[in-house]
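Hello,

Please find the structure we talked about below. Have a look at it before you read my notes.

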Amino acid sequence: METETATRWLTDAEQCAWRTHLEVNRLLTYQLERDLQPFGLTMNDYEILVNLSESEGVRMRMSDLAAATLQSKSRLSHQITRMENASLVRRENCESDRRGLYAVLTDHGLEMMKKVAPHHVASVRRHFIDLMAPDDLEQLHKSLRPIAEHLRGQRGKP
């Protein structure tokens, strides 16, 4: 007969912390998304633009970009098509791998990044950074770092 291990239910304090985290995550994402709307961008668009703008040659292999943005290759392909239609990015063939493609930031995409980035940073400050004392921000980073490391290690595992 199998022995079932007891579920470790969350304590009231754990439940409160978990639900507050979920609420803050949803509300902050919603607000940052709203603040990008006047530029015709979504958070996914912005994340792709950031990744491309920070990469060598303002280009990334589509598979690497999918991994960096935690999107399936199919979803990223649709996203890149929309961004191509807005002239923010273009696809280029990979000479070393005929099946591979690069997503490349266009001049228009780079100009959009330069235009939007100051507004996005101001939004992040207004709705997150400036609401916390520097010591609290440092403690938050210290607390979240092992969780991020654990979750990065879980990527691709069933």
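What follows is a short tour of the findings.

This is a predicted model: local features need pLDDT of at least 70, side-chain atom pairs count only at pLDDT 80 or more, and totals for chains, interfaces and linings use all residues. Residues are numbered from 1 along each chain as its sequence is written, and side-chain values use heavy atoms, with hydrogens and water left out.

**The sheet**

Helices (H or I, at least four residues) and strands (E, at least two) are DSSP runs, numbered from the N terminus. Two strands pair if DSSP finds at least two bridges between them. In general, strands of a sheet pair through backbone hydrogen bonds, either parallel or antiparallel.

Here there is an open sheet of three strands, in the order β1-β3-β2, with antiparallel pairing. At the edges are β1 (59-61) and β2 (89-93), each of which pairs on one side only. From one strand to the next, the twist averages 25 degrees. Axes are lines fitted to C-alpha atoms, for helices over the stretch in contact, and angles run from 0 to 180 degrees between N-to-C directions.

Now the pairings. β1 and β3 (residues 101-105) are antiparallel and share three bridges. In β3, Met60 has Ala103 opposite, and Arg59 has Val104 as its bridge partner. β2 and β3 are also antiparallel, over five bridges. Val89 stands opposite Leu105 there.

Helix α2 (residues 43-53) packs on the sheet and touches β1, β2 and β3. The direction of α2 makes about 95 degrees with that of β3. Contact means heavy atoms within 4.5 Å.

How many of the five residues of β3 are buried? Four are, so β3 is largely enclosed by the rest of the structure. Buried means under 20% relative accessible area, exposed over 50%, and partly exposed in between (1.4 Å probe, protein chains only).

**Rings and cysteines**

Arg59 also lies over the face of Tyr102, at 3.8 Å from the ring centre. A charge sits over a ring if NZ of Lys or CZ of Arg is within 6 Å of the ring centre and within 35 degrees of the ring normal.

The disulfide count comes to zero; a disulfide is a pair of cysteine sulfur atoms within 2.5 Å. Cys16 is partly exposed, at 49% relative accessible area. Cys94 is buried, at 3%.

**Loops**

Two residues other than glycine have a positive phi. Leu70 has a phi of about 55 degrees. Leu70 lies in the loop between α3 (62-68) and α4 (73-85), and is exposed, with a relative accessible area of 65%. For Ser87, phi is near 60 degrees. Ser87 sits in the loop between α4 and β2 and is partly exposed, at 41%.

Is Gln71 buried or exposed? Gln71 is buried, with a relative accessible area of 9%, and lies in the loop between α3 and α4. Leaving out residues up to four places away in sequence, Gln71 touches Asn44, Ile48, Ala66, Leu76 and Gln79.

Arg34 is in helix α1 (residues 12-36) and is partly exposed, at 42% relative accessible area. Arg34 and Ser123 are 89 residues apart along the chain. Their C-alpha atoms are separated by 9.9 Å.

Best wishes
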